[in-house]
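Trainee: I have this one open and would like to go through it. Please start with the terms for strands.

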2 protein chains.
Amino acid sequence: MTGIAELPEPPYTAVIFSSLRTEGDQGYGVMGARMQELAKSQPGYLGYESARDANGFGITVSYWVDDDAARAWKKVHEHSVAQQRGKEVWYADYQVRVATVQRSYGPGSSGS
Amino acid sequence: MTGIAELPEPPYTAVIFSSLRTEGDQGYGVMGARMQELAKSQPGYLGYESARDANGFGITVSYWVDDDAARAWKKVHEHSVAQQRGKEVWYADYQVRVATVQRSYGPGSSGS
C-alpha cells in the first residue's frame, strides 16, 4: 500500500502509468517492490503513489524534479528490463503520460 | 470500473486526484457515478481513469483540453457541493495535482 506522497511545491514532473494487468502474479509482486525501491534511489526522485482495483486496472504516478530525471529513470537498465517484461507478460494494456504539475492543493488549501 | 482513456495527442491537462477513503459508503458510490456523468457533459472534457485499492487508497485522473476547462469543472455548482461533502465525510485525506501532459506512449510506441 502507498499513500499520498509528500511533495515540494510545483512545478515538478508526474509520470502517470495507467495499466490493465493480465491474470496471475507471474513475478509481478516481487518486481513491483524492487522497482519501487530502485526508483527511490534515483536522482531527482520525489515520490510515488499507486492504486489497483479488484478488476486489475491500476494507476501509478511517480514524481520527479524535472522531465530529465523522469527520462533518466525510464532508461535505467534494470527498469528497462522490467518494462520489456511488462509488455510481454504483466500488462494486457498500458499508457504512460508525462506531465508537468503546475499547482497542487489539499484539504487545507482549496485551490482555484 | 474504468479502463485506459482514449485521448488526443498532447498537450492537454490532467487533474490527478489522490485520496484515502473513510470507512463505509455513506452515499459515495451514488455521488461518484453522478460526478462521472456530470464531468462527461462539461465543455473540454476528454476522459477519466480511476482505481481504488482494497485499503481505500485511490487515484482518479480526469483529462481536459486545457487548464481553463479543468478550472471550470472545479467550479460547477453540483461538483462544488460534492467536493465539500468529500472533505467532510468521504475522504480521510486527499491531494489534487493539476498538470500539463507533454507526451504519451503505450505498447505501440516506446517513447523516450
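Mentor: Two strands pair if DSSP finds at least two bridges between them. Helices (H or I, at least four residues) and strands (E, at least two) are DSSP runs, numbered from the N terminus. This is a predicted model, in which local features need pLDDT of at least 70 and side-chain atom pairs count only at pLDDT 80 or more, while totals for chains, interfaces and linings use all residues. Residues are numbered from 1 along each chain as its sequence is written, chains are lettered from A and ligands numbered from 1 in the order in which they are written, and side-chain values use heavy atoms, with hydrogens and water left out.

Trainee: Fine. How many bridges between S1 and S3 of chain A, and in which sense do they pair?

Mentor: Eight bridges, antiparallel, between S1 (residues 12-21) and S3 (residues 57-64) of chain A. In that part of the chain, A:Ser19 stands opposite A:Gly58 of S3(A).

Trainee: And how many bridges between S1(A) and S4(A)?

Mentor: Ten, with the two strands again antiparallel. A:Val15 has A:Val98 of S4(A) as its bridge partner.

Trainee: What does S4(A) pair with in chain B?

Mentor: With S4 (residues 91-105) of chain B, antiparallel, over nine bridges. A:Arg103, for instance, is bridged to B:Val98 in S4(B).

Trainee: So what is the order of the whole sheet?

Mentor: S2(A)-S3(A)-S1(A)-S4(A)-S4(B)-S1(B)-S3(B)-S2(B), an open sheet of eight strands with antiparallel pairing. The edges are S2 (45-52) of chain A and S2 (45-52) of chain B, each of which pairs on one side only. Direction ignored, neighbouring strands are turned by 25° against each other on average.

Trainee: Helices next. At what angle do H1 and H3 of chain A cross?

Mentor: At roughly 150°, with the axes of H1 (residues 28-40) and H3 (residues 77-90) of chain A coming within 11 Å. Axes here are lines fitted to C-alpha atoms, for helices over the stretch in contact, and angles run from 0 to 180 degrees between N-to-C directions. H1(A) and H3(A) are therefore roughly antiparallel; angles under 35 degrees count as roughly parallel, over 145 as roughly antiparallel, 65 to 115 as roughly perpendicular and the rest as oblique.

Trainee: Which residues make the contact?

Mentor: From H1(A), A:Tyr28, A:Met31, A:Arg34, A:Met35 and A:Leu38; from H3(A), A:Glu78, A:His79, A:Ala82 and A:Trp90. Contact means heavy atoms within 4.5 Å. Six of these residues are nonpolar, one is polar and two are charged. Ala, Val, Leu, Ile, Met, Phe, Trp, Tyr, Cys and Pro count as nonpolar, Asp, Glu, Lys and Arg as charged, and the others, Gly among them, as polar.

Trainee: And how do H2(A) and H3(A) cross?

Mentor: At roughly 70°, with the axes of H2 (residues 67-75) of chain A and H3(A) coming within 5 Å. H2(A) and H3(A) are therefore roughly perpendicular. A:Trp73, A:Lys74 and A:Lys75 of H2(A) touch A:His77, A:His79, A:Ser80 and A:Gln83 of H3(A). That contact divides into one nonpolar, four polar and two charged residues.

Trainee: Within what distance do the axes of H2 and H3 come in chain B?

Mentor: Within 5 Å for H2 (residues 67-75) and H3 (residues 77-90) of chain B, crossing at roughly 70°.

Trainee: Back to chain A. Which strands does H3(A) lie across?

Mentor: S1 and S4 (91-105) of chain A, running at about 130° to S4(A).
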